[in-house]
Amino acid sequence: MSNQSIVLEGIDDVDDLISNEEEENNNSISHTHLHQLVNKANKAFRQNRFEEAINCYSGAINIKPHHPVILGNRCAAYLRICQFLVHRPASDSEYRPLSGLDPTVHAGLALKDADKMMNLQSDSVKAHILKADALILLQRFELAHDIVLSGLQIDPSSVHLRNLVRMTCTTMGRNNHEITLRTDDFDCTVCLKLIYEPITTPCGHSFCRSCLFQAMDRCNRCPLCRTILFISPRTCSISVTLNNIIQKNFPEEYAERKLEHENLTIMGADLLPLFVMDVVLPCQKLQLNIFEPRYRLMVRRIMEGNRRMGMVTIDSTSGSVADHACEVEITDCEALPDGRFFLEVEGRRRCHIIDHWDQDGYRVAEIEWIQDICPAEGTEERLDLEDTVQKAEAFAKSWMRTAQEAAQGDQVRLAQLLKAEELMPTTNDPEHFSFWLATLTNRRPSQRLDLLRMRDTNERVKRGLIYLKAAEQFCTTQ
Ligand SMILES: [Zn+2]
Ligand SMILES: [Zn+2]
C-alpha cells in the first residue's frame, strides 16, 4: 500500500436501521437486541471507535445475516480502519505498534461485505460505492473502475460515483504509463466513453443517443444539469457536425464504440432478448404496451436490430423463466411521446432456452431453435399425420361456420372469428396448421406451454381438436 492520496467516498457516516412494525411484533426480543446492537455500533462509528463498531455489527449480523444496511455499515467500518492504516505516518508505529492490523485484510473483509450487499440489492448505488472503495484499497483499480461505471448506469448523478470515476481514471493512467489519456471533451458524461451517435440537448449538453434515452427512461431531465427535456427518440436527430469531428479525430476508438453498440442491438443467432410475460404460440398475434424502463431500453435496441425478441412466461412449478419461448417479430411499433411503446407482435418460431442471464435489467437467453419431428415420407406415421390434418381441416371449417352463425349478435366475437379464419394456413405446413388450430380457443398458459414444448404434430392437432370439440359442446349447451 504505497498510495498516500487515496480518498474514499461514501464512508463518512453510517445508516440507521428503520423500524419495521411487522417484524417488531413477530420477534420482539431478538429484534430489540438487534436494534440496540446497531445503535451502539453506529454511535461507536461516529466517535471513530471502529473496532468496537465492527464487533457490534458482527453481533447484529449473527442475528440477521442478510441485512443490507448492517452489512454496508460494517463494510464502511472496515474501510475506515483500512484507510486510517494506509494514511498513518510511518513514524506513528514507532510509538504505537500495530498489533496485527493489516490494511489488506481489512480491505478484503470490506470487499466481502460489499459483495454480499450487492447480491442482496443489485441496484444499490451504496453497494457499488463501497465495493469500489474496497477494490481501490486493494489496488484493483480497473475492476473498481468497472464497478463505478455500472453504478453510474443506475444513478448517473451520484456525486460519490463521479468522484470515484475521476479517481480510478487518473490512478489507472498513473499505474499504466502506456495509456495516455485523451482529453475528455468528447466523452459522454453518462457512460464516460467517447460519445457514440451524439445528441445535443436544448440545454447544450451532448450524450450518446442510447445513454440519453436510457437515462430519460427514469426521468425526463438532462443527466448533467437536470433541465427538464421535451425531446424523444422520434423527434431527436444526431448532431452531424459533432459526429464527424469525433469520427475523424478518433477513428479507432469510434470503431470500437460502434462494435460495442452493435453487439447490443444485433445479437448472435443463438441469443434472444426476452420479454417475460406470457406464453405466445407461433402464428399468434398480440398487442403490447411497453412502459417499464428496462423493456423500453430493450425495445429500442431490438428496433435497431432485427425487430425480434422472445416471449416467455414464468413457469409456476419452478418460479423461474420457462424452458421454452416463442420468437415474436415486431410488426408495428408506435413510440409514444412519453417514452412508452405500443407494439404489435406476431409469433414466429419456437426455441428451447439453454441458459439465461441479466443484461442491463432485462433477460437475455442462449437458445436453440426447435421444430416438430416430422415422420419420413411413405411411413405409416406420415400417412396417419396427413389423415389427421385433413380431417382436422374439415372439422375446423365447419366449426368456424357454426361459431360465426352463433356469434351474429356479438360483433366483437364475430370480428375475432373472421380474423382467425383469415389467418388459417394451408395444410401443406402441418406444424403451422396445428398451432393455428390450437389458438382458435382460449387456452390457459400451462396448456399453451405444453403445446409449445410438444414435438409431435399429430399429437398437437389431436389436442387442438379436443379443445375445439369441448368449446362446441359448451356453445350448444348454452
Ligand atoms: Zn454514453
Ligand atoms: Zn443539460
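1. Start with one helix pair. Helix 4 (residues 68–87) and helix 6 (residues 103–120) have axes that come within 8 Å and cross at roughly 155°. That angle is over 145°, the cut-off for roughly antiparallel, so helix 4 is roughly antiparallel to helix 6. The crossing of helix 4 past helix 6 is left-handed. Please keep in mind that this is a predicted model.

2. Which residues make this contact? On the helix 4 side they are Pro 68, Leu 71, Gly 72, Arg 74, Cys 75, Tyr 78, Leu 79, Ile 81, Cys 82, Leu 85 and Val 86. They meet Pro 103, His 106, Ala 107, Leu 109, Ala 110, Asp 113, Ala 114, Lys 116, Met 117 and Leu 120 of helix 6. By class, the residues of this contact are 16 nonpolar, 2 polar and 3 charged.

3. Now take a second pair, helix 2 (residues 28–46) and helix 3 (residues 50–63). Their axes come within 8 Å and cross at roughly 160°. Helix 2 is therefore roughly antiparallel to helix 3. Helix 2 also passes helix 3 in a left-handed crossing.

4. What does helix 2 bring to its contact with helix 3? Ser 30, His 33, Leu 34, Leu 37, Val 38, Lys 40, Ala 41, Ala 44 and Phe 45. Helix 3 answers with Phe 50, Glu 52, Ala 53, Cys 56, Tyr 57, Gly 59, Ala 60 and Ile 63. The contact of helix 2 with helix 3 divides into 12 nonpolar, 3 polar and 2 charged residues.

5. An annotation comes next. In the model, residues 34–67 are 79% helix and 0% strand.

6. Finally, the overall layout. How is the protein divided by the domain assignment? Domain 1 has two segments, 21–91 and 98–181. Domain 2 covers 198–263, domain 3 covers 267–370 and domain 4 covers 380–477. The C-alpha centres of domain 2 and domain 4 lie 49 Å apart.

Methods:
Residues numbered from 1 in each chain as written. Chains lettered and ligands numbered in written order. Predicted model: local features only at pLDDT ≥ 70, side-chain atom pairs only at ≥ 80, totals over all residues. Domains from an automatic or database assignment. Axes fitted to C-alpha atoms, helices over the stretch in contact; angles between N-to-C directions. Helix = DSSP H or I, 4+ residues; strand = E, 2+ residues; numbered from the N terminus. Parallel < 35°, antiparallel > 145°, perpendicular 65-115°, else oblique. Left-handed = near helix turned anticlockwise from the far one by under 90°. Contact = placed C-beta atoms within 7 Å. Nonpolar A, V, L, I, M, F, W, Y, C, P; charged D, E, K, R; others polar.
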